[in-house]
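Come along and follow the entries with the model open.

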Amino acid sequence: MSVSEESTKSATARSQSITRGVERTPNRAMLRAVGFQDADFQKPIIAIANGYSTITPCNAGLNRLTERAVATLTEAGTMPQTFGTITVSDGISQGTEGMKYSLVSREVIADSIETVCQAQSVDGLLAIGGCDKNMPGAMMAIARLNIPALFVYGGTIKPGHYQGEDLTIVSAFESVGKFCAGTISEDQLVEVERHACPGIGSCGGMFTANTMSAAIEALGMSLPFSATMSADGDEVVENAGNAANVLARAVRQQILPRQLLTREAFENAIAVVMAVGGSTNAVLHLPAIAHAAGVKLTLDDFEKIRERVPVLCDLKPSGKYVATDLHNAGGIPQVMKMLLARGLLHGDALTISGETIEQVLAHVPENPRKDQDVIRQWDDPMYPKGHLVILRGNLASEGAVAKVSGVKNKVITGPARVFDSEETCLQAILLSQVKAGDLVVIRYEGPKGGPGMREMLAPTSALIGVGLGDSVGLITDGRFSGATHGMVVGHVAPEAAVGGNLALVREGDSITIDAERRILQLNVSDEDLARRHDAWSPPPPRYKTGVLAKYAALVSSASAGAVTD
């Protein structure tokens, strides 16, 4: 080697050394300030996204889970680093302008977790959440990041009790309608409110939080049995520790989310949602997670799986039991094993532990215990087919979602009662201005039009409370709480704000909801609709600045998951 070649090689090596030093030294200096020692720089850094908040009981118990995860990850030879992410309470914001921020919070959660993990170049992620949007928001971030990751659910609330009846948050909403109808006293109304939520944890029925925890367990992204644990017990803390150990192994084995979040995994999740009688919001969140994972998932996929999968669980809002009852009956693994044994799950789908679904369920019996009726025997289901029906027609060319569990009349034709906001509809119901046989239309509440696609729990609960749940249909481009039941159709797309035919409905028009033939139809001629459309102009945006204005500018159709990227 010549002197000049040796000199060049030496200069290159020194340049590379300087570059590494410049990149490394400030990084290490900052991390030393939060407790790193020399040996720690060789360990994987695990981010813990902690959704703790006292703003809602769903998230109030998450700190003790975080503490256990930190201790376990440290023992496992990793360096856990915690950060906070937001939550909002759907239950507290229901029926108010604040509810417009609920679905928006899903995007904020996803963006915040992605931002921290990418900015800090972490090696793995443990996301801990409780309230409805924590779960899909965290899963969207996990899918985008594609670093080893696992979700830990904060657990479900135990039921409240009053006059021998189990209560949930929906009991409080329905009691308002009962009070307005004169079927309960003011004292009874207050007692229901006092007893509905007895402690920490996410809403207790098979509402959105428990639906999504079940779906995530089916996706293989959380540990078995974790979807239905009580928030205030020791079991949920132990689960956080076990999850931390599993994640530490996944980091070392490089088990990545997109290896798990396959087409087959999403089909498993949809099957479980149908079997447990889950929330309509799953039809919004699962496509959004799939989009982040690069998997195409459409409304038609839900319909195909619905045709094959029965509703096996007798759970609120339309049934008798709550999630802790399901846990005691065998939880999501029992439901999954029943489906697997009948060829309705992909048993070769991988989980975060590195095992397949079939391996995870190997020791779970094929049939539920006969000393309980929370999970029905296979030959005695609640309903022979799934309960989330995709409707199409001239009111929903892109699709709409009906939840038919507990519905007595699956075909309704009646006159439209048209409202351009949730508040005006609720007032009409409570003032007895909505009658049996009416078809209530609530529009301009979609992703763009709301903006934010509010849940219509207040008016749907009021209809149940005043005794109109079986005789009035409700159609909206907004969405529903997982606590909603009755003949309700949501996610109507295209929404009114972008010129969907929902915007053209007039008071008294005849509308047909036919959940048996999967039709949502405005009984008006094409010529009349064309004339109405020519005369229609979009309303001005309700927000021109701030978060909601940005959201309205970016958000996709509900039929595509209402994603913003």
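**Entry on a strand.** I started with His491, which sits in strand 12 (residues 488–493). I take helices (H or I, at least four residues) and strands (E, at least two) as DSSP runs, numbered from the N terminus. The phi of His491 is near 60 degrees, a positive value in a residue other than glycine. Is His491 buried or exposed? I found His491 buried, at a relative accessible area of 3%; buried means under 20% relative accessible area, exposed over 50%, and partly exposed in between (1.4 Å probe, protein chains only).

**Entry on my ground rules.** This is a predicted model, so I kept to local features with pLDDT of at least 70, and side-chain atom pairs count only at pLDDT 80 or more, while totals for chains, interfaces and linings use all residues. Residues are numbered from 1 along each chain as its sequence is written, and side-chain values use heavy atoms, with hydrogens and water left out.

**Entry on a loop.** Next I looked up Asn146, in the loop between helix 5 (134–145) and strand 4 (149–153). Asn146 is not a glycine, yet its phi is positive, at about 55 degrees. Asn146 counts as partly exposed, with 24% relative accessibility.

**Entry on peptide bonds.** A reminder to myself: most residues other than glycine have a negative phi, and most peptide bonds are trans. Pro317 lies in the loop between helix 13 (299–308) and helix 14 (323–328). I also found a cis bond from Gly450 to Pro451, where omega is near -15 degrees. The loop between strand 10 (439–442) and helix 18 (457–465) holds Pro451.
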